Amino acid sequence: MSAATILFTDIVSFSKKPTAEQRRLVESITSEVVHELRTILTPPLATPSIVALPTGDGLALAFLHRSNQPWNCSTILRVIFRLHQWADNQSSPRNLVNLRVGVHVGAVELFTDINGKANICGDTINYAQRVMDAASPRQTLFSEAAFREYVGTESPIFSKPPFSEDLRAIFYGPIEVYAKHGLQILVYKLALDPPQLYWSNEDPIAKNLMLVTLTDLPKEVVGSFSEQIHQATHIAFIQLTGDRFISNYNNGNVKFSKQLKRLWVFMPDP
């Protein structure tokens, strides 16, 4: 088992684009990565330092942690920066091309796939995809593990190549987001100073998402349900009127936790 840094990307709304445009974008982004990493991509049959994986609507790069690895944090940041610029260069008023990028660090298993090429598997690459899924268009998110690996207690401001004093990269977080399948994770957004049109400095939209499930009906407000309310830090209600809950709250039968972070109430539009 090896450790790796996974850089996962996808092209937003890729499946909605014409087939010819999909092919052009995949070939173009592949060429961009090969050009950027040409000096350290491993030739066939040699021990890889980077495993590149096509994903259909983007790509994943696994930077394998070695004692003599030919890459570092600046390499990863340079690839991210260049890919966002690449996407901006592909865009037109009628054909916007945006990337989402997620970065995670963890253990992976190396194996030889059916085509005889180096490949990886494991929860780390799946988690990296979840981090990417939580990113908004034109945004890069780092997982908590990736942030600890490359920033940690150091300054969250990068002003060295590929950035500079005139264009700095700044990490903000942790930000709690919801990824696919109801997974709740902590991420750090990578912002640029000064802001750039091809890069989103906003908090990820996934920050405002919440997993909502229906309870069995009818549901008594008092009893075990009120105990769950009192302990919960995230609450979402779907109500017709809310009369029962409001009356029980006013009577002191229901109390919220002092650690309550979010309370959402969904009601039908009259």
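1. Arg 78 is partly exposed, because its relative accessible area of 31% falls between the 20% limit for buried and the 50% limit for exposed residues. The model is a predicted one, and the accessibilities and distances quoted here should be read accordingly.

2. The side chain of Arg 78 forms a salt bridge with that of Glu 36, with an N to O distance of 2.2 Å. Since Arg 78 belongs to helix 2 and Glu 36 to helix 1, this pair ties together parts that are 42 residues apart in sequence. Glu 36 itself is buried, at a relative accessible area of 13%, whereas Arg 78 is partly exposed.

3. A salt bridge also joins the side chains of Arg 82 and Glu 32, at 2.6 Å from N to O. Here too distant parts of the chain are linked: Arg 82 is in helix 2 (residues 73-90) and Glu 32 is in helix 1 (residues 19-36), 50 residues apart. Arg 82 is partly exposed, with a relative accessible area of 24%. In total, the structure holds 11 salt bridges.

4. Arg 100 and Asp 133 form a salt bridge in which the closest N and O atoms are 3.9 Å apart. The two residues are 33 places apart, Arg 100 lying in strand 4 (residues 99-112) and Asp 133 in helix 3 (residues 123-133). Both Arg 100 and Asp 133 are buried. Through shared partners, salt bridges connect Asp 10, Arg 100, Arg 130 and Asp 133 in one network.

5. Strand 4 deserves attention for its pairing. With strand 1 (residues 2-11) it pairs in the antiparallel sense over 10 bridges, and Thr 9 has Val 101 of strand 4 as its bridge partner. With strand 6 (residues 139-143), strand 4 pairs in the parallel sense over four bridges; Arg 100 stands opposite Gln 139 of strand 6.

6. Which way does strand 5 (residues 118-121) run relative to strand 4? The two strands are antiparallel and joined by four bridges, with Phe 111 opposite Asn 119 of strand 5. They form a hairpin with five residues between them, and Gly 116 in the turn has a positive phi of about 75°.

7. A separate point concerns Asn 248, located in helix 6 (residues 243-250). Asn 248 counts as buried because its relative accessibility of 14% is under 20%. Apart from neighbours within four places in sequence, Asn 248 is in contact with Val 221, Val 222, Asn 253 and Val 254.

Conventions. Residues are numbered from 1 along each chain as its sequence is written. This is a predicted model: local features need pLDDT of at least 70, side-chain atom pairs count only at pLDDT 80 or more; totals for chains, interfaces and linings use all residues. Side-chain values use heavy atoms; hydrogens and water are left out. A salt bridge is a side-chain nitrogen of Lys or Arg within 4 Å of a carboxyl oxygen of Asp or Glu. Buried means under 20% relative accessible area, exposed over 50%, partly exposed in between (1.4 Å probe, protein chains only). Contact means heavy atoms within 4.5 Å. Two strands pair if DSSP finds at least two bridges between them.
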